[in-house]
Amino acid sequence: MANKMRLICPLVVEGKYDKIRLSNLVETPILVLNGFSVFHDREKKALLQRICKEKGLIFLTDSDKAGTFLRTKLKGIFCEGKLYQVYAPAVAGKEKRKNNPSKEGLLGVEGIDCETLRPLLAPYEESAAAPVSAGITSAQWYAHGFSGGEGASEKRKALAKALNLPENLSSSALLEAVNLLCDRETYEKVRETV
(Lines give C-alpha, C1' and ligand atoms only; values in the text may rest on other atoms or scores of the structure.)
Protein backbone atom coordinates (compact mmCIF):
# COMPACT_ATOMS: atom_id res chain seq x y z
CA MET A 1 0.00 0.00 0.00
CA ALA A 2 1.10 3.56 -0.67
CA ASN A 3 2.25 5.83 2.14
CA LYS A 4 -0.30 7.00 4.65
CA MET A 5 -1.94 10.31 3.88
CA ARG A 6 -1.59 13.36 6.09
CA LEU A 7 -4.73 15.46 5.87
CA ILE A 8 -5.11 19.20 6.47
CA CYS A 9 -7.22 18.65 9.59
CA PRO A 10 -8.66 15.83 11.73
CA LEU A 11 -11.05 13.32 10.21
CA VAL A 12 -14.43 12.59 11.86
CA VAL A 13 -16.15 9.23 11.37
CA GLU A 14 -19.25 7.51 12.75
CA GLY A 15 -17.76 4.57 14.65
CA LYS A 16 -14.67 2.76 15.88
CA TYR A 17 -14.60 0.30 12.98
CA ASP A 18 -14.53 3.22 10.53
CA LYS A 19 -11.56 4.57 12.48
CA ILE A 20 -9.79 1.21 12.30
CA ARG A 21 -10.28 1.11 8.49
CA LEU A 22 -9.06 4.66 7.98
CA SER A 23 -6.09 4.31 10.32
CA ASN A 24 -4.62 2.08 7.60
CA LEU A 25 -4.91 4.97 5.16
CA VAL A 26 -4.24 8.21 7.07
CA GLU A 27 -1.87 9.29 9.83
CA THR A 28 -4.05 12.28 10.68
CA PRO A 29 -6.05 12.13 13.94
CA ILE A 30 -9.37 10.33 13.49
CA LEU A 31 -12.19 11.32 15.85
CA VAL A 32 -15.15 9.00 16.46
CA LEU A 33 -18.73 10.23 16.92
CA ASN A 34 -20.06 6.92 18.29
CA GLY A 35 -23.15 7.34 16.15
CA PHE A 36 -26.09 9.33 17.47
CA SER A 37 -24.74 9.40 21.04
CA VAL A 38 -22.74 12.50 20.08
CA PHE A 39 -25.99 14.51 20.21
CA HIS A 40 -26.36 13.76 23.94
CA ASP A 41 -22.70 14.33 24.87
CA ARG A 42 -22.29 18.07 25.51
CA GLU A 43 -18.59 17.74 26.30
CA LYS A 44 -17.81 15.88 23.06
CA LYS A 45 -19.86 18.31 20.98
CA ALA A 46 -18.06 21.27 22.59
CA LEU A 47 -14.67 19.72 21.92
CA LEU A 48 -15.53 18.95 18.29
CA GLN A 49 -16.88 22.50 17.82
CA ARG A 50 -13.63 23.94 19.14
CA ILE A 51 -11.49 21.72 16.92
CA CYS A 52 -13.68 22.58 13.92
CA LYS A 53 -13.36 26.30 14.61
CA GLU A 54 -9.59 26.25 15.25
CA LYS A 55 -8.37 23.51 12.90
CA GLY A 56 -11.28 22.40 10.75
CA LEU A 57 -12.77 18.91 10.41
CA ILE A 58 -13.13 16.50 7.53
CA PHE A 59 -16.40 14.63 7.89
CA LEU A 60 -16.85 11.16 6.36
CA THR A 61 -20.00 9.14 7.05
CA ASP A 62 -21.63 6.06 5.59
CA SER A 63 -23.77 6.61 2.49
CA ASP A 64 -26.93 5.27 4.17
CA LYS A 65 -29.83 7.27 5.68
CA ALA A 66 -28.24 7.30 9.15
CA GLY A 67 -25.02 8.75 7.72
CA THR A 68 -26.97 11.41 5.86
CA PHE A 69 -28.92 12.29 9.02
CA LEU A 70 -25.69 12.63 11.06
CA ARG A 71 -24.12 14.78 8.36
CA THR A 72 -27.15 17.10 8.19
CA LYS A 73 -27.46 17.54 11.97
CA LEU A 74 -23.74 18.08 12.53
CA LYS A 75 -23.51 20.61 9.73
CA GLY A 76 -25.67 22.89 11.88
CA ILE A 77 -23.60 22.25 15.01
CA PHE A 78 -20.30 23.04 13.27
CA CYS A 79 -21.50 26.08 11.31
CA GLU A 80 -18.81 28.36 12.79
CA GLY A 81 -15.84 26.29 11.66
CA LYS A 82 -14.32 24.79 8.56
CA LEU A 83 -16.19 21.57 7.86
CA TYR A 84 -15.16 19.61 4.79
CA GLN A 85 -17.70 17.04 3.61
CA VAL A 86 -16.45 13.80 2.05
CA TYR A 87 -19.06 11.44 0.65
CA ALA A 88 -18.52 7.68 0.74
CA PRO A 89 -19.78 5.90 -2.37
CA ALA A 90 -22.90 3.73 -2.15
CA VAL A 91 -21.41 0.23 -2.48
CA ALA A 92 -23.72 -2.77 -2.14
CA GLY A 93 -22.52 -5.45 0.26
CA LYS A 94 -22.11 -6.60 3.85
CA GLU A 95 -19.29 -5.95 6.30
CA LYS A 96 -17.24 -9.06 7.16
CA ARG A 97 -17.80 -8.67 10.90
CA LYS A 98 -21.61 -8.60 10.56
CA ASN A 99 -23.98 -11.54 10.10
CA ASN A 100 -26.46 -9.58 7.98
CA PRO A 101 -26.22 -6.63 5.60
CA SER A 102 -27.46 -3.22 6.73
CA LYS A 103 -31.12 -2.27 6.17
CA GLU A 104 -30.18 -0.58 2.92
CA GLY A 105 -27.72 -3.30 1.86
CA LEU A 106 -24.81 -0.86 1.62
CA LEU A 107 -21.28 -1.07 2.94
CA GLY A 108 -20.30 1.47 5.56
CA VAL A 109 -16.95 3.25 5.52
CA GLU A 110 -15.46 0.30 7.43
CA GLY A 111 -16.28 -2.05 4.54
CA ILE A 112 -14.95 0.09 1.69
CA ASP A 113 -11.41 -0.68 0.58
CA CYS A 114 -8.66 1.90 1.04
CA GLU A 115 -8.05 2.16 -2.73
CA THR A 116 -11.61 3.53 -3.09
CA LEU A 117 -11.29 5.88 -0.10
CA ARG A 118 -7.86 7.33 -1.02
CA PRO A 119 -9.04 9.49 -3.96
CA LEU A 120 -11.96 10.81 -1.89
CA LEU A 121 -9.53 12.18 0.71
CA ALA A 122 -6.81 13.27 -1.76
CA PRO A 123 -8.15 16.85 -2.15
CA TYR A 124 -7.63 17.32 1.60
CA GLU A 125 -4.08 16.03 1.73
CA GLU A 126 -1.63 18.33 3.48
CA SER A 127 1.36 19.85 1.77
CA ALA A 128 4.83 18.99 2.99
CA ALA A 129 4.58 21.44 5.90
CA ALA A 130 4.30 19.71 9.26
CA PRO A 131 1.17 20.43 11.29
CA VAL A 132 1.37 22.41 14.50
CA SER A 133 1.08 19.90 17.33
CA ALA A 134 2.35 19.42 20.85
CA GLY A 135 3.54 15.99 19.69
CA ILE A 136 3.16 14.42 23.14
CA THR A 137 3.53 10.63 23.15
CA SER A 138 1.74 8.29 25.55
CA ALA A 139 5.06 7.67 27.32
CA GLN A 140 5.64 11.40 27.82
CA TRP A 141 2.03 11.81 28.99
CA TYR A 142 2.69 9.15 31.62
CA ALA A 143 6.07 10.65 32.58
CA HIS A 144 4.42 14.06 33.04
CA GLY A 145 2.00 12.49 35.52
CA PHE A 146 -1.20 12.69 33.45
CA SER A 147 -1.86 8.95 33.29
CA GLY A 148 -1.32 5.82 35.31
CA GLY A 149 -0.12 7.35 38.55
CA GLU A 150 -1.49 8.67 41.78
CA GLY A 151 -3.18 12.03 41.28
CA ALA A 152 -3.19 11.71 37.49
CA SER A 153 -6.93 12.33 37.27
CA GLU A 154 -6.66 15.57 39.25
CA LYS A 155 -3.69 16.71 37.14
CA ARG A 156 -5.65 16.03 33.95
CA LYS A 157 -8.61 18.03 35.24
CA ALA A 158 -6.33 20.94 36.10
CA LEU A 159 -4.65 20.77 32.69
CA ALA A 160 -8.01 20.57 30.91
CA LYS A 161 -9.29 23.57 32.87
CA ALA A 162 -6.14 25.58 32.11
CA LEU A 163 -6.51 24.80 28.40
CA ASN A 164 -10.26 25.52 28.44
CA LEU A 165 -11.10 21.90 27.55
CA PRO A 166 -13.79 19.63 29.02
CA GLU A 167 -12.57 18.44 32.42
CA ASN A 168 -14.02 14.94 32.28
CA LEU A 169 -12.19 13.71 29.17
CA SER A 170 -10.48 10.34 29.46
CA SER A 171 -6.70 10.32 29.55
CA SER A 172 -6.39 9.31 25.89
CA ALA A 173 -9.06 11.80 24.75
CA LEU A 174 -7.34 14.66 26.59
CA LEU A 175 -3.96 13.69 25.13
CA GLU A 176 -5.52 13.69 21.66
CA ALA A 177 -7.12 17.10 22.27
CA VAL A 178 -3.83 18.55 23.56
CA ASN A 179 -1.99 17.28 20.47
CA LEU A 180 -4.68 18.70 18.19
CA LEU A 181 -5.05 22.12 19.78
CA CYS A 182 -1.66 23.04 21.29
CA ASP A 183 1.86 23.48 20.11
CA ARG A 184 4.66 22.10 22.28
CA GLU A 185 5.57 25.47 23.81
CA THR A 186 1.98 26.14 24.95
CA TYR A 187 1.67 22.65 26.41
CA GLU A 188 4.95 22.97 28.36
CA LYS A 189 4.00 26.38 29.78
CA VAL A 190 0.61 25.16 30.94
CA ARG A 191 1.98 21.85 32.21
CA GLU A 192 4.36 23.67 34.55
CA THR A 193 1.45 25.50 36.19
CA VAL A 194 -0.64 22.42 37.07
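Start by selecting residues 11-13 and 57-61: these are strands β1 and β3, which pair in the parallel sense over two bridges. Strands here are DSSP runs (E, at least two residues), helices are DSSP runs too (H or I, at least four), and both are numbered from the N terminus. Two strands pair if DSSP finds at least two bridges between them. Now click on Leu11, whose bridge partner in β3 is Ile58.

A word on what you are looking at. This is a predicted model, in which local features need pLDDT of at least 70 and side-chain atom pairs count only at pLDDT 80 or more, while totals for chains, interfaces and linings use all residues. Residues are numbered from 1 along each chain as its sequence is written, and side-chain values use heavy atoms, with hydrogens and water left out.

Next, show the whole sheet. It is open, has four strands in the order β2-β1-β3-β4, and its pairing is parallel. At the edges you will find β2 and β4 (83-87), each pairing on one side only. On average, neighbouring strands are turned by 30° against each other, direction ignored.

Move on to Asn34, in the loop between β2 (30-32) and α2 (42-54). What is the phi of Asn34 near? Phi is near 60°, a positive value in a residue other than glycine. Most residues other than glycine have a negative phi. At 46% relative accessibility, Asn34 counts as partly exposed (buried is under 20% relative accessible area, exposed over 50%, partly exposed in between, with a 1.4 Å probe and protein chains only).

Now select Ser171, in helix α7 (residues 171-181). Leaving aside neighbours within four places in sequence, Ser171 is in contact (heavy atoms within 4.5 Å) with Trp141, Phe146, Ser147 and Arg156. With Trp141, its side chain also makes a 2.9 Å side-chain polar contact (a pair of N or O atoms within 3.5 Å, one able to donate a hydrogen and the other to accept it; residues adjacent in sequence count only if both atoms are side-chain atoms).

Finally, zoom out. The protein chain has eight helices and four strands, and 41% of its 194 residues count as buried. Its C-alpha atoms fill a box of roughly 55 × 40 × 35 Å, taken along the principal axes.

Key
Axes fitted to C-alpha atoms, helices over the stretch in contact; angles between N-to-C directions.
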